[in-house]
Amino acid sequence: MRVSVRQENLAKGLSIVGKAVENRPTLPVLSNILLSTEDARLKLAAMDMSLGMSITCWIGAKVDQPGAITLPSRTLADLVNNLSPERVDLLLDKATQTINVRCGATVSNIKGIDASEFPLIPENTQGDVVVSGQVLKEMISQTVFAAAKEDNRPILTGVYTEFNGNMMTMAAADGYRLAVRTTEIEQRFDKKVFLVIPARALAEVARIISDEDEEVSITLPGERDLVLFHMKNTNVSSQLLEGKFPDFGAIIPRSYNTSSVVYTSDLLRACKRAEIFARDAAGSAQLIVKPPKGPGEPGEVVLVGKSSERGDNTGMIDASVEGEPLETSFNVKYLIDALNVISDERVVLQSSGSANPGVLRPENRDDFVYIVMPMATQR
Amino acid sequence: MPIHVLADQVVAQIAAGEVIERPSSVIKELVENALDAGASNIRISVDGGGRRMMRVSDDGYGITTSEVELAFARHATSKLQTADDLSHIQTLGFRGEALASIASVSHVTVTTRHRDEASGTQMRLEGGRIDTRRSVGAPAGTVITVENLFYNTPARFKFLKAENTEKRQIAIVVNRYAIAYPHVRFFLEQDEREVFRSSGSGELADVLVAALGLDTFRDMLEISGQDEAGQISVYGYTSAPHMHRADRSRIMLFVNGRWVQDTSLSYAVVQAYHTFLMTGRYPSAVLMISLPPQEVDVNVHPTKAEVRFQNPNAIFSVIQRAVRRTIIDLAQTPSLHTPGRASGDGQWTRPSDDSRRAMQMGMDLRLESPGQFPHQRPRHDYENTERDSTAIPYGPTGPERPRTLPMLRVIGQVGASYIVTEGPAGMYLIDQHAAHERILYEQFMADYAKQGTIAQYTLSTQTIELPAPEAHLIEENLDALQAVGFGLESFGTNTFLIRSVPAMLSDHSPVEVIGGIINELEIGKEPGQATIEEKIIKRVCRHAAVKAGTVLSHDEMQSIIRQLERCDSPHTCPHGRPTMLHMSGDQLAREFGRK
């Protein structure tokens, strides 16, 4: 193999695929990155077997002699990041499986492992669904944070993804909160298709989607239990989670007694202040909604974080309130997580009382809804 | 007082005291009779935990009209003729005491028809005396209804436990017989609610799924074994080593279809797990032991819960070998790679050849000591401490609680499990899990006393299914669980919906914690012990505390130590294990030969 690439391209490619390299892999070859020539491009690929995720990335190259090799990810990335932004020449010595890296006046040799030992990377197939890159990125960021971090209920570490009619839905829940986001797509699905994709893999997809990616196409699972995301020059494949995702439709409340509209940034800042003190109380902060005292007057949302040892914080936010007064408690961290991913100016907060779930959604939009279960003080 | 012979009724009541201890003993005797009568369907209905009414219906042979009265006489039985028969007894009963004893302390109605007779008999007895007797039409088999148990022995009645406890005992007894007789269909209802049902398919596995729950059964391994002569054989299921509990109560032994308690044989099972289980943890097992009837003496104990073997060592070794073989076979299968759990390994990798050969020369700077003054120590970026996965709360900073330990300086962590600290009197090694457990426990108890444990409501998508006895236990303690933050709601037979969990535990699996709580509730209920709430809290704290094997940042360690310094009893964890080891300066000097 004899290939020449630009240092910037190689460094960028390595940082993208590096996210799919396991920390402590069972097979030594999995701590390596696969480099292989494909037409006039160099393919970089890495696979994380424990997550069932692989990332493949193509960079422009001048291929003099085709070939393939796997190289230790850390060593290669650390080296390339410290090269000057020039042309990098890679030359493989087949006999010793060593690659000679030349860039300007530096020469390095990196020992690799035969490419045939690397597991098969899913083929680059035609996508089944095309989604706008920016929309997909937003959908993922608005759901992925609500997926469970602990794997005591493995199915909840994934994001439920459904295609039905010309709607696409993503939903994630961790037992205490639920985030659901929908969007319209161009294709029509006469039969409902649904899959549960590990949140870790989706987070990578969202990270990789850049402003240039106008469209992302998705290959739905065929014979293998795999989903594939095709971005410009990059593919992410992931195994699916098996199991039944809870029926979240039943959890979303249909009615409410109190509804308040507040500025997103006001509420977020109030939450962050309350959180400083609420930490000692397992994140539990009190949320009080006061309807207007009379016509023409504003309503109010009050957020209280209390620590018996360190003190407390009370934040008052102007709000337009409809319905009954409300006093409830939420884990503020859960509120902050959701407010962080809502870019709309104002949000609606709805609830039917202190034992009922709270509903958070952007004002005048019904494609994103966030359900958070309250906290209570017992006895 | 002159000596005189006791009246029959008194004799019967005294005898009943041995056999009939509580409602579940009645169920036991009646179920045994049904089984001895060759029944293939046994239906048990209980009201009010057995105080109000217990009814056992079977489709066995039935009793002939001429023998019905005799059946209730003392020492009357069809199962035994001569004393010799005792040595090769095949039936469950043989003493001829059960019916007489039950009848002497309750109101009994028996309806029975023998298979070969055209009409049946109904007889009513009160305190052992026949009240009415008439001929009735009835299906083949026997139905015995026992009402007002212990109505004439107030002392016994007073000693009955709470209704739920008796219910649980009955469920346990029925479970045991269902396991021993997989080909018989059992049905148990309590207060007109179905509690347990076995299919009668003849497969032990089917019954175990019904009796222990699918989750438990999934982790059990089939075992079987025999001695050389083929006389003694063992068959059954035993738990995989990763599933263990705090007591031996789940080791169930059946000898020739008879449930027995035998310390030596359950020890054989535990012994087979040697080195696979921690001390103080025990496996679950269901073992069917079959051996020739003359090899075992069942006439040792009035309720026959204990038996004697002619050759106990042979049985011991058959069991031990069979279980051990299965466990070892399992242990040898390569385990699948589990996704990156936090563990201490990898921290201790050997330096590679290169780094050993190449040495970094040190520069002799003659520091007084590394980091004696605060500004010499590395600064910690407080922005980055938002690692909420370990959720160690920021400790109290004010002096409102008195210090119970001297000021300790954190030096570092050993093996991702112990914190090394220095105090005025030498070195302290602190067990991070035990220490955090103590901190959480005192916090939780303080909150609890102030009426403020915090519960996090769940999306109500998770249910927990339990075997009947455990479900009763949970039902009994619903209020206590609620007070601590576990909102559980009955959701069909033996199933509960989890509505809320203690906020402290929101990162943990509630099902696992509840399993642990049941375990703890099952073992000890001795008087004078900690309240149930305290027990639950202890269990909750154990799950919420940082685990051994978790790498902690300097700030996290600092936070644990600061909080521990102000605990009421910082030296032990809530379960009584020590939280710290102390090595004084003198001791260190002695160890190094300086004194």
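Biologist: In chain B, what share of the contacts with a separation of 6 or more is accounted for by residues 24 or more positions apart?

Modeller: Taking a contact to mean heavy atoms within 4.5 Å, residues 24 or more positions apart account for 69% of those contacts in chain B, and the corresponding figure for chain A, among contacts between residues at least 6 apart in sequence, is 67%. This is a predicted model, in which local features need pLDDT of at least 70 and side-chain atom pairs count only at pLDDT 80 or more, while totals for chains, interfaces and linings use all residues. Residues are numbered from 1 along each chain as its sequence is written, chains are lettered from A and ligands numbered from 1 in the order in which they are written, and side-chain values use heavy atoms, with hydrogens and water left out.

Biologist: How many helices and strands does chain B have, and what percentage of its residues is buried?

Modeller: Counting helices (H or I, at least four residues) and strands (E, at least two) as DSSP runs numbered from the N terminus, chain B has 18 helices and 23 strands, whereas chain A has six helices and 24 strands. Buried residues (under 20% relative accessible area, 1.4 Å probe, protein chains only; exposed is over 50%, partly exposed in between) form 49% of the 595 residues in chain B and 55% of the 379 residues in chain A.

Biologist: At what angle do H5(A) and H6(A) pack?

Modeller: Two packed helices are described by the angle between their axes and the distance between the axes. With axes as lines fitted to C-alpha atoms, for helices over the stretch in contact, and angles running from 0 to 180 degrees between N-to-C directions, H5 (residues 264-278) and H6 (residues 332-340) of chain A pack at about 150°, their axes 9 Å apart. H5(A) is therefore roughly antiparallel to H6(A), given that angles under 35 degrees count as roughly parallel, over 145 as roughly antiparallel, 65 to 115 as roughly perpendicular and the rest as oblique. Among the residues that make this contact are A:Leu267 and A:Cys271 of H5(A) and A:Leu335 and A:Leu339 of H6(A).

Biologist: Which orientation do H12(B) and H17(B) take?

Modeller: The axes of H12 (residues 432-449) and H17 (residues 554-564) of chain B come within 10 Å and cross at roughly 55°, and the two helices are therefore oblique to each other. Their contact is made by B:Ala435, B:Arg438, B:Ile439 and B:Gln443 of H12(B) together with B:Ile560, B:Gln563 and B:Leu564 of H17(B).
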